[in-house]
Amino acid sequence: MTSIAAALTRSRSRISSSLSTAVSYSACISSSPSKNSISGSPLSSVHGRSFHDWRSPLSHRAAIRSSAVVADRFERRFATAASRNSYEGILTPLANPDGGEFGKYYSLPALDDPRIDRLPFSVRILLESAIRNCDEFQVTGKDVEKIIDWENSAPKQVEIPFKPARVLLQDFTGVPAVVDLACMRDAMNNLGSDSNKINPLVPVDLVIDHSVQVDVARSENAVQENMTLEFQRNKERFAFLKWGSNAFHNMLVVPPGSGIVHQVNLEYLARVVFNNGGILYPDSVVGTDSHTTMIDGLGVAGWGVGGIEAEAAMLGQPMSMVLPGVVGFKLSGKLRNGVTATDLVLTVTQMLRKHGVVGKFVEFYGQGMRELPLADRATIANMSPEYGATMGFFPVDHVTLQYLKQSGRSDKTVAMIESYLRANKMFVDHSQAEVERVYSSYLELNLEEVEPCISGPKRPHDRVPLKEMKADWQSCLDNKVGFKGFAIPPESQKKVVDFTFKGEPAQIKHGDVVIAAITSCTNTSNPSVMLGAALVAKKACELGLEVKPWIKTSLAPGSGVVTKYLEKSGLQRYLNQLGFHIVGYGCTTCIGNSGDIDETVASAISQNDIVAAAVLSGNRNFEGRVHPHTRANYLASPPLVVAYALAGTVDIDFDKEPIGTSKDGKKVYFKDIWPTNEEINSVLQSSVLPEMFKATYESITTENPMWNQLQVPLTSLYTWDASSTYIHEPPYFKSMTMSPPGPHPVKDAYCLLSFGDSITTDHISPAGSIHKDSPAAKYLMERGVERKDFNSYGSRRGNDEVMARGTFANIRLVNKLLKGEVGPKTIHIPSGEELSVFDAALKYKVDGHDTVILAGAEYGSGSSRDWAAKGPMLLGVKAVIAKSFERIHRSNLVGMGIIPLCFKSGEDTETLGLTGHERFTIHLPSNAADIKPGQDVSVTTDNGKTFTCTVRFDTEVELAYYNHGGILPFVIRNLITANL
């Protein structure tokens, strides 16, 4: 038996054992309190709940990874439920100063290994997990040794197992996850097994935050009107999620109107340290949103994964990951007056993008941490995807503990957290001499050097110092079309277009702001920038400044806490006066849910080819994401969003040009409305109070009357409605048998699409509004859905028919096969027809042809989206050949059975002379046992070209997934065999 064959056998054996263990826990779960019980809240002081409650992880025994164990252990799979931990000898009591003990923990100091003292804190979390779960079966002593020897083993790209403590979902990615779980129950049932084996085995928190759109803005009633429309559009989806919260154990659903998932996670869901049945261990989380990393600012290890990976983690599967390198980022000094956390994060993002941190952890340290507020840390951690890191980690210190108390965690809970982390060498005490830790590479930033800035117009890492913005804008107008160019002819750059807005004369020109949005978890979780924006508004109102009425202004807080402190401070009224009324509690403009702009404004833009601008306090500004009519999109701090709304244009030098004219006729400059740090801190200290957090979250699951009125059946199997255009049974398991299908041969495949660099998941995965002429729109209209009821792609992620038609439907898609034409189309090679991507893919499938995608560097960057892999799979794509992949997206492709291939260094479609009109054959072994992670394969074309690619199956576990046709069929087959 070859090593890979043995590994596959071992994987089957070990998952069977693991899942039999998991099944034994089902009774424990089913006898627990109701899933909607308020005891599920992490605020123990409010609910009388300690951390060892029903929502804590119940099993850490499931695993699918391979290791050096013999195949005959298959026969011993039931014994693993009772296997003893190899490190039981270091299980140590943690004394409670008030008497007794908090619990027991696996003590890293008890190992008495000097290498541990040199480990980054983020790696210590991986180490503790491996030790706690080590039974020499799923996790071995060799795995533990790899992590302890991180300094030497990480450069070798070794594989380790990691088991997150919990899983975090938002509704866009959560709906398809619950759809898949429901479908997996059906598959289990159809294959004659127990469908109730499909249940989350770790706590799953799903926050509904991605559905609200800014339909109504600049209105006192905006919140209620937008929520009413949100429920009208999404009633079926919401009812499905409510069914899931009842049908599946260990799942908490936070209703719409509660806040943004990452802010709710920061303020409410995060434990920092778990106490599960008297065993203490660090909180850790994987989430189906790439900005799950925001929780790293709280000292909780968390990062984004694909929806498919998250589903597997819910079912007790471990994260099979490459032991990452860790970049040490030293902070010194203190931010200057007038410089915001947003300015800091945009600076850090640019530095780390330049350094290169893809697939790595970034860990912050240094004396600059002493006074860096938790909210600022969370802002930096939030944008880890933008700088490319898996995590941007801030270890727990006194600042973290202060935030935990401020956000309503009990003193007892905070004392337990501090005691555990200090005892296990996971706490940073700035008053003590710091032990030198080793990092893979180093960066340093003096916070005093950070200056005000924004980023854009098309990428978050294209930072522009505020003082250079006017010149940069001019260069963008001049430059050829690209990330920093619009190619506007010189004679047209000063063009002014007259139009009529609500009966009044108006004008618009290049660079004029038409959307100004205070939005996104990145910034709305940070009281200093939110209060800063409110103080800008106050000063502007007192001077008599106004925002032009055709600019769509909005404020979407990340939680109800923001509203409470804005109201207590008395500052919300000034934001309202400028049109920044609260529009809802969700992601809104940051994810493209910006709603329509006034038709007269839209017409003036489109009919005159105006490069209009959006300024938002978000984290993504890729072209086509924010709004179809804003070609220039800038990320800015909330105070700068207000300032640019007042100026009405991005074509301004704030140092030299006035923002407006005061009510007494004087010119008003930027410096006249910008608050000092002292002003902000004064309001912050008096207005942001612990009781606000407690009041906000004590009834978080029950305070939305629209949610409470939803009636759902109490059944374990979902009743699919064939006529539904929101929830549809996917075809993944239709013809599934108990035998793995093995590798799919890719022979004479056509190229469906050919791309350059930086194709993001925004280009691939359906997102934003559904265009009236798109295949998805045609599908909906054929089923009686009117255009006004199309809703967004995100809201229809539970329907594979809509999503397949929306894959590669981005209006800014640049496909080389179209020779310069921009849009969601391609060339059907055999006929030469120009078709929508869906129609071309369907034609290939009907004719029995496989397809591949050619791409450049960073393919799949951006938000983690499972549909960026599911969609291409449903279109018939069998492989993607690219220069490089974004980490999560590559993993998702494997999870859906698509082969990721990388060109060799220095090669791409251009150097190899590939036009995309060739037919491609990938010479991958037909037997999974003959495939090795990272091996080279040859690719040939029908016109005689041959080139070599690296197969990006990075671990043996991924090979097992591919052999089964994807991760979900793998899980189902092994769940069924668990008790045989």
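Reply: Let's start with S754, which is buried because its relative accessible area is 2% (buried means under 20%, exposed over 50% and partly exposed in between, using a 1.4 Å probe and protein chains only). Keep in mind that this is a predicted model, where local features need pLDDT of at least 70 and side-chain atom pairs count only at pLDDT 80 or more, while totals for chains, interfaces and linings use all residues. Residues are numbered from 1 along each chain as its sequence is written, and side-chain values use heavy atoms, with hydrogens and water left out.

S754 sits in strand β26, residues 746-754. Strands here are DSSP runs of E with at least two residues, and helices are runs of H or I with at least four, both numbered from the N terminus. Leaving aside residues up to four places away in sequence, S754 touches V814, N815, K816, L817 and L854 (contact means heavy atoms within 4.5 Å).

Burial turns up elsewhere, too. In strand β21 (residues 552-555), K552 and S554 on one side and T553 and L555 on the other are all buried, which leaves both faces covered. Side chains in a regular strand alternate between the two faces of the sheet. β21 runs parallel to β20 (residues 513-518), with four bridges joining them, and A517 has S554 as its bridge partner. Two strands pair if DSSP finds at least two bridges between them. Helix α13 (residues 374-382) is largely enclosed by the rest of the structure, because nine of its nine residues are buried. Among them are D376, R377 and N382.

Next, an open sheet: its four strands come in the order β1-β2-β8-β7, with mixed pairing. β1 (91-95) and β7 are the edge strands, each with a single partner, so one side of each has no neighbour in the sheet. On average, neighbouring strands are turned by 40° against each other, direction ignored. Angles run from 0 to 180 degrees between N-to-C directions, and axes are lines fitted to C-alpha atoms, for helices over the stretch in contact. Inside the sheet, β2 (residues 101-106) and β8 (residues 279-282) run parallel and share two bridges, and Y105 has L280 as its bridge partner in β8. Helix α5 packs on this sheet, touching β2 and β8, with its direction at about 145° to that of β8. Helix α16 (residues 411-423) lies across β1, β2, β7 and β8, at about 35° to β2.

α5 (residues 121-132) also packs with α6 (residues 141-148), at an angle of about 165° and with axes 9 Å apart. The two are therefore roughly antiparallel (over 145 degrees; under 35 is roughly parallel, 65 to 115 roughly perpendicular and the rest oblique). V123, L126, L127, A130 and I131 of α5 meet V144, I147 and I148 of α6. The contact has eight nonpolar residues, no polar and no charged (Ala, Val, Leu, Ile, Met, Phe, Trp, Tyr, Cys and Pro are nonpolar, Asp, Glu, Lys and Arg charged, the others, Gly among them, polar).

Last, two loop residues. V272, between α10 (261-269) and β7 (273-276), has phi near 70°, positive in a residue other than glycine. At 2% relative accessibility, V272 counts as buried. Q157, between α7 (150-153) and β3 (159-162), has a positive phi near 60°, yet counts as exposed at 54% relative accessibility.
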